[in-house]
Amino acid sequence: MIDDTFVLTVVVSMPLFILIGFTVFDVIRRNDLSGAHKVGWLVVVVLLPAIGTLLYLIARPFADPAQDLDTDDDGATALVDTLIRRERGELDDESFAAAKAELFSRADTG
Amino acid sequence: MIRKIASLMVRGVYRRVEVYRAPADLSGDPQLSVSNHFGGFADPLLLIYAMPRVPRIIARDVIWKIPVARSVMKWVRAIPVHKREDKGPGSNDVMFASAYEALEERSHLMIFPEGITRDEPSIAPIKTGAARIALGARASGVDGIEITPAGIHYENKAALRSDVSVLVGPPLDLDAAVEQLVPAGEDAGPANRALVRSLTDDIERRLRHVAPDFSDWEEARTLTRGAEMLLRSVADDPAAPVPVAARDYVAGYLGRKPDDEKRQITEAIETYGDALSDLDITDAQLQSGMTGRRFLWRLIGWLVLSVVLLPFAVVGVLVNWIPFLVVKAVGLLRVAPAVLATLKPISAILAFGLAWGVVGWGAFRDFGASGAALALLLMPVYLAAVIVLTERVQTLWTAFRAWRGLSRSARADDIIEVQRREAISALSEAL
């Protein structure tokens with residue numbers, strides 16, 4: 001049942017097509033590339049699927065891993081934000097207590 | 001390129017890597033980063049990944065004696081430093097000269113000012129090298145030097161696929177600091193010993209602020225647990241995993257409290273912890289809201305994923321079992337955790353890299369360049385399938401335990417909930 005065709009289609013072609021799909025999608029979606037560059041990459045990927053995709057993934061710029069901990073879009077990061085500002089001396093005792101009370105009341109009701 | 005390779009390695013070696021950088025624009029200024037050194041080789045790897053600019057690393061000159069390592073060090077343009085305990089001849093004039101030169105080129109320089117790799121949860125008194133490099137470069141005319149502290153927090157540095165966070169603090173503006181420390185007209189160079197001392201103290205304080213710095217492992221564990229409880233209690237979704245960078249920041253914040261306050265904090269955490277262990281449950285499980293029905297959905301999700309990924313995972317095991325065993329064997333060595341933190345990533349990278357190279361070469365011989373490219377594209381996919389499947393088993397097991405724990409403790413639910421609130425309010429009080 002498990003013959004060469006099965007191995008070739010499932011284990012080799014399928015992930016390759018998914019990778020190519022991701023690459024095409026990524027090239028089109030990126031806004032740091034000019035139209036000509038995008039077309040260039042797409043041509044390379046279509047003409048040389050494996051080599052083109054590998055080259056693209058190597059050449060693709062690296063996304064900065066840094067994340068914001070000091071935002072208020074989640075209670076957890078809002079707490080970190082409050083503590084960071086407290087240690088920087090931006091919050092006096094009163095406003096720090098108020099910020100804390102608000103955060104932890106959210107915790108009690110939620 | 002260096003950063004891309006480091007990022008690939010980091011993502012393979014660790015499970016969750018979170019980076020938090022205090023907002024600051026470090027793109028154009030000459031920059032000297034200082035970091036704690038808990039993990040040997042893993043530290044510079046993580047810092048290359050975490051910092052916006054690839055740093056030139058100041059490292060012990062003995063590394064240049066190892067054949068392959070020498071080429072790597074040359075390639076990343078690391079700067080050798082001679083340590084007295086390494087014996088042999090050598091002065092550090094060349095090191096200082098190349099460091100000044102690097103800052104003159106407005107590059108990013110990186111040093112581990114503790115001078116050694118440590119297996120302690122605290123920062124060793126730091127050496128004066130960082131301050132002397134910065135002041136020396138400034139004296140030779142480099143302006144605008146920023147000194148940036150970076151702290152690396154390992155969940156378990158001796159284990160592959162564990163969690164890591166890197167916290168980068170706000171930079172210290174050297175020009176402003178010198179202006180404040182030195183009266184006009186006095187020597188502001190590295191020969192001014194009082195200046196070197198006070199700048200070193202300032203750097204050390206800033207490093208302690210971002211790096212793990214606890215009095216012992218017990219305290220580190222307890223405060224980390226407390227930080228996790230706190231964050232979970234205010235999170236919008238208490239069932240979501242707590243971000244490790246946030247957890248490590250809050251744990252450090254608690255650790256900087258005066259001793260008597262810290263005692264109260266520890267007590268609150270431990271009282272609640274004891275109540276939890278009486279019920280044989282954890283705070284995460286208690287807050288998970290895991291019901292039988294939710295667990296069942298998780299299980300079904302995992303089964304579907306398994307069916308989809310199984311063919312790839314099977315291939316992944318077939319092509320990767322040799323490097324996997326090599327890494328396992330290295331893990332059995334009885335050496336210090338910091339040494340393992342060096343050996344494990346290196347052996348993993350070498351073993352997997354070699355295995356993939358062999359497969360790639362075979363594919364090249366049989367099918368040409370396209371075949372080799374295909375092999376190099378797919379090998380990581382197969383390995384990822386294995387990793388995803390096995391790590392999902394862990395999450396599934398955690399979910400199962402949460403469900404069991406919650407249904408077991410249903411009777412005591414109200415009491416433990418009261419105890420939890422008490423602990424949280426005591427902790428938030430102490431913040």
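Modeller: Helices here are DSSP runs of H or I with at least four residues, strands are runs of E with at least two, and both are numbered from the N terminus. The model is predicted, so local features need pLDDT of at least 70 and side-chain atom pairs count only at pLDDT 80 or more, while totals for chains, interfaces and linings use all residues. Residues are numbered from 1 along each chain as its sequence is written, and chains are lettered from A and ligands numbered from 1 in the order in which they are written.

The part I would look at is α10 of chain B, residues 259–278, whose 20 residues reach 28 Å from the first C-alpha to the last, close to the 28 Å expected at 1.5 Å a residue, a span taken as 1.5 Å times one less than the number of residues. Counting a residue as buried if 20 or more other C-beta atoms, placed from the backbone, lie within 10 Å of its own, as exposed if 12 or fewer do, and as partly exposed in between, one finds Ile265(B), Ala268(B), Ile269(B), Tyr272(B) and Leu276(B) buried in α10(B). Seen down the axis of α10(B), these buried residues fall within an arc of 90 degrees, so they line one face of the helix; the arc is that of the directions from the helix axis to the C-beta atoms. The face of α10(B) turned away from this buried side carries exposed residues, namely Asp259(B), Asp260(B), Arg263(B), Asp274(B), Ser277(B) and Asp278(B). Just after α10(B), Asp280(B) takes a positive phi of about 55 degrees.

Elsewhere, where the chains meet, the contact takes 29 residues from chain A and 38 residues from chain B, two residues being in contact if their C-beta atoms, placed from the backbone, lie within 7 Å.
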